[in-house]
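Hello,

Here is the structure we talked about. Have a look at it first, then read the notes below.

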Amino acid sequence: MDFDVIVVGAGPVGLMLAAELRLGGVRVAVLERLPQPSGQSRGLGFTARAAEVFDQRGVLARLGTTEVSPMGHFGGVPMDYTVVEGGHFGVRGVPQDRIERALEAWAIELGVRVLRGHDVVDIDPTPTGVTVVTGIDARQTFTAGYLVCCDGGRSTLRRMAGFDFPGSDATREMYLADVVGRQIRPRFIGERTAEGMVMSAPLGDGVDRIIVCEDDRKPSGRSTPDFADVADAWQRLTGESLHGAEIRWVSAFTDATRLVTRYRRGRVLIAGDAAHVHLPAGGQGLSLGVQDAVNLGWKLAAQIRGWAPDGLLDTYHSERHPVAARVLRNTRAQGILYLTGEHMAPMREIMRELIALPEVARSLAGMVSGLDVRYDMGATGSEPTAPAWLGRRMPHRPLVLDGGPEDGAQVRVPDLLHHGRGVLIDTTGDDANVRGAERFAGRVEVVRATWAPVPDGLEPAPKAVLLRPDGYIAWMPEAGELTAALSRWFGAPEADHLARAAT
Ligand SMILES: Cc1cc2nc3c(=O)[nH]c(=O)nc-3n(C[C@H](O)[C@H](O)[C@H](O)COP(=O)(O)OP(=O)(O)OC[C@H]3O[C@@H](n4cnc5c(N)ncnc54)[C@H](O)[C@@H]3O)c2cc1C
């Protein structure tokens with residue numbers, strides 16, 4: 001095989017996945033049809049959970065200055081996202097090309113081969129590997145143990161690999177343009193007019209992003225409209241003329257909503273927009289895909305390196321498919337609230353009243369920010385009586401290290417996850433826990449520490465937690481035996497693994 005894994009598509013999801021696979025110690029190439037990055041601004045930010053995921057790998061710091069927006073909306077109804085712990089509406093004002101450049105640089109540093117100018121035109125999956133063919137005239141062939149399709153919403157690999165992609169076709173079309181040198185009043189969460197919705201936000205350097213959605217505009221099938229049509233629509237809705245403006249980028253998007261039925265077909269897996277498309281309400285698409293990548297990377301690497309417990313790779317589908325289905329539901333609901341005419345005004349009013357209720361705001365903020373994702377960590381994790389933190393992402397809690405060269409230093413949990421391995425944080429001083437985890441050397445790091453005091457109102461962290469490489473809590477003392485959780489997620493202890501490999 002040329003590589004352990006071939007990832008097709010150097011969008012944010014393909015690049016993140018490739019880097020995760022390298023952290024897991026496998027050989028990976030990304031095949032990308034574009035000779036150089038597209039430079040398109042597209043998504044302008046990411047959700048609170050995606051920010052945490054980037055932080056866990058040190059990528060957030062590579063994005064330069066970023067700002068979080070505490071206030072956001074649900075379907076155009078303003079909402080405070082700080083009602084959930086660690087919550088915000090997302091990191092905003094970071095054009096997608098900046099994210100892609102940072103991810104590509106990081107992936108290459110880790111040893112990913114990013115091969116540009118390779119348009120994948122054919123694949124041949126077999127029970128033992130996959131052959132991938134690129135190019136039309138000058139064909140080139142690559143082989144790998146696994147293939148992951150990260151080739152975006154218009155994926156051709158999805159069809160080649162035989163993934164079903166049910167859902168609903170587009171019912172409406174929206175325009176987008178990055179306009180240079182015009183004074184455009186910001187409408188950060190959008191503004192409804194009698195005939196539609198407009199949104200605008202400064203991107204810096206005198207460029208503004210505008211989005212126009214006319215209630216009755218049916219999909220035309222064109223992905224690149226004429227700017228004159230965009231300016232006409234903007235003028236109809238706002239009365240302002242942008243005709244003749246210089247533009248950096250113009251595009252159209254729709255509310256088509258589809259999700260593959262399986263995330264894996266044998267040796268072919270799928271992630272990001274290739275697996276799910278939806279209205280970009282609340283800036284959730286890139287964020288959802290990046291979390292697919294962080295869920296899949298360590299599991300696929302474990303499978304290839306031979307230590308994956310039975311069924312680990314299948315949890316990629318069982319964990320991520322329901323999360324995507326929920327995002328599709330919330331974006332459809334937001335589209336109905338946000339982008340439909342006057343007949344929906346009473347519903348918007350009711351939503352305004354409901355969102356004022358803390359419990360409703362917490363539920364919606366948890367959903368859109370991705371902070372409420374909870375995975376099944378086994379029998380205890382699926383029961384209603386399961387400990388509240390089990391299966392959830394580890395929230396922000398500073399630690400003071402106990403022993404080792406950095407004894408007494410204060411650290412943040414995300415910094416302990418940069419290497420992409422599991423982490424046992426133990427504040428009990430119980431040697432049995434530590435000895436148990438040390439048998440998984442190379443897959444689980446052990447950190448002895450004490451939790452720093454937390455501000456009033458925050459729940460103290462469990463006395464010990466086992467974190468998976470993606471930052472989700474796989475075990476805490478109230479959840480039964482640590483050894484069971486270690487075996488469930490990290491396979492056989494090192495000595496058994498080596499003995500098995502030798503026979
Ligand atoms: C207007 C708009 C605003 C958005 N705002 C946000 C936001 O604020 N926050 C957010 O989280 N998301 C947002 N999104 C969604 C986000 O842009 C996408 O979810 C994200 O780009 C998906 O990343 P991806 O890597 O899965 O696919 P893509 O970014 O589409 O990348 C796919 C890559 O595969 C390559 N490729 C395709 N076919 C082949 C082939 N046959 N061979 C080789 N290479 C191939 C393509 O060239 C491309 O580079 C927005 C989307 C739109 C349209």
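**The second largest pocket**

Seventeen is the number to start with: 17 residues line the second largest pocket, and Glu85, Leu371, Arg392, Arg393 and Pro395 lie nearest its centre. This is a predicted model, where local features need pLDDT of at least 70 and side-chain atom pairs count only at pLDDT 80 or more, while totals for chains, interfaces and linings use all residues. Residues are numbered from 1 along each chain as its sequence is written, and side-chain values use heavy atoms, with hydrogens and water left out.

A pocket is an open set of points on a 1 Å grid over the protein atoms alone, with protein on both sides within 12 Å along at least five of seven lines; lining residues have an atom within 4 Å of a point. The second largest pocket has a volume of about 400 Å³. A volume here is the space filled by probe spheres set on the points, which are joined across faces, edges and corners. Helix H9 (residues 358-369) gives the largest share of the lining, three residues. Helices (H or I, at least four residues) and strands (E, at least two) are DSSP runs, numbered from the N terminus. The lining has seven nonpolar, three polar and seven charged residues. Asp, Glu, Lys and Arg count as charged; Ala, Val, Leu, Ile, Met, Phe, Trp, Tyr, Cys and Pro as nonpolar; the others, Gly among them, as polar.

**The ligand**

Which residues are closest to the ligand? They are Glu32, Arg42, Gly45, Gln96 and Asp273, out of 32 that surround it (a heavy atom within 4 Å). The shell has 13 nonpolar, 13 polar and six charged residues. H6 supplies the largest share of the shell, three residues.

Now the polar contacts (pairs of N or O atoms within 3.5 Å). A polar side-chain atom of Glu32 lies 2.6 Å from a ligand oxygen. For Asp273, that distance to a ligand oxygen is 2.8 Å. Pro12 uses a polar backbone atom, 3.4 Å from an oxygen of the ligand. Taken alone, the ligand exposes 1000 Å², and the protein buries 89% of that (Shrake-Rupley method, 1.4 Å probe).

**Salt bridges**

The count is 32 salt bridges (a side-chain nitrogen of Lys or Arg within 4 Å of a carboxyl oxygen of Asp or Glu). One of them joins Arg57 and Glu20, with the closest N and O atoms 2.7 Å apart. Arg57 is in the loop between helix H2 (48-56) and strand S4 (67-68) and Glu20 is in helix H1, so the pair ties together parts 37 residues apart in sequence.

**The cavity**

There is one cavity of 30 Å³ or more. A cavity is a set of points where a 1.4 Å probe fits but cannot get out. The largest cavity holds about 40 Å³ of space. Its lining includes Val53, Arg320 and Asp470. H6 gives the most to that lining, with three residues.

Best wishes

Definitions and conventions: A polar contact is a pair of N or O atoms within 3.5 Å; within protein, one must be able to donate a hydrogen and the other to accept it, and residues adjacent in sequence count only if both atoms are side-chain atoms.
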